[in-house]
Amino acid sequence: MMKHILLVSSLVFSSATIAIAHDKEALRQSPPGPPFVQVSDALPLPAFIPGLGTLFVDPASLPAGPFLAYDHDGKLSATIYMTPLEELQAGSAFDGLGLGAHEVSSVDIYYNAGHPGVEKPHAHVVLFHDAEAKGRLAK
């Protein structure tokens, strides 16, 4: 229960941080700045992951995120959440998650069996921020 309370508290705090940074246009171009870290600098993952892009996350917001996804030109293209299936099945909710940008042109949701950083099975929820974003992140 305490872990859940700490997780929720950190998500609320990071959502407020994201909203403030977004108002200042700080997230539109990579790197987004503190408290975000590049995922590939912290985990054994490539700098650019085809389909997801170059990812940044506030470590306090793990595991759900948001993960900010940038294309090869450093443009914010998507906001990604990685919600553990086990926690969802146990009744956990991930409320008030931050956004990288308010514009969303499409959403993809799919299963992932786990990877460095979020080892347990989880759902990827990907909010694309413009019509061309999915294509830019694909290669």
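Colleague: Okay, strand 3 first: which way do Phe67, Leu68, Ala69 and Tyr70 point, and are they buried or exposed?

Modeller: Phe67 and Ala69 point one way from strand 3, Leu68 and Tyr70 point the other way, and all are buried. Buried here means under 20% relative accessible area, exposed is over 50%, and partly exposed is in between (1.4 Å probe, protein chains only). In a regular strand, side chains alternate between the two faces of the sheet.

Colleague: Before we go on, what kind of model is this?

Modeller: A predicted one: local features need pLDDT of at least 70, side-chain atom pairs count only at pLDDT 80 or more, and totals for chains, interfaces and linings use all residues. Residues are numbered from 1 along each chain as its sequence is written, and side-chain values use heavy atoms, with hydrogens and water left out.

Colleague: Thanks. What does strand 2 do with strand 3?

Modeller: Strand 2 (residues 54-57) pairs with strand 3 (residues 67-70) in the antiparallel sense, over 4 bridges. Thr54 stands opposite Tyr70, and Phe56 has Leu68 as its bridge partner. Strands are DSSP runs of E with at least two residues, helices are runs of H or I with at least four, and both are numbered from the N terminus. Two strands pair if DSSP finds at least two bridges between them.

Colleague: And how many bridges join strand 3 to strand 4?

Modeller: 4 bridges, again antiparallel, with strand 4 covering residues 76-84. Phe67 has Ile80 as its bridge partner there. Strand 3 and strand 4 form a hairpin with 5 residues between them, and Gly74 in the turn has a positive phi of about 85°.

Colleague: What's the strand order in the whole sheet?

Modeller: It's an open sheet of 6 strands, ordered 1-2-3-4-6-5, with antiparallel pairing. Strand 1 (37-38) and strand 5 are the edge strands, each pairing on one side only.

Colleague: What does Asp71 touch, leaving out residues up to four places away in sequence?

Modeller: Phe48, Ser77, Arg136 and Leu137, where contact means heavy atoms within 4.5 Å. With Arg136, the side chains meet in a salt bridge (2.6 Å, N to O). Arg136 is in helix 4 (residues 133-138) and Asp71 in the loop, so the pair ties together parts that are 65 residues apart in sequence. A salt bridge is a side-chain nitrogen of Lys or Arg within 4 Å of a carboxyl oxygen of Asp or Glu.

Colleague: Which other residue does Arg136 form a salt bridge with?

Modeller: Asp130, with the closest N and O atoms 2.9 Å apart. Salt bridges that share partners join Asp71, Lys75, Asp130 and Arg136 into one network.

Colleague: How many salt bridges turn up in the whole structure?

Modeller: 6. One of them is between the side chains of Lys134 and Asp108 (2.7 Å, N to O). Lys134 lies in helix 4 and Asp108 in strand 5, so this pair ties together parts that are 26 residues apart in sequence. At 45% relative accessibility, Lys134 is partly exposed, and Asp108 is also partly exposed, at 22%.
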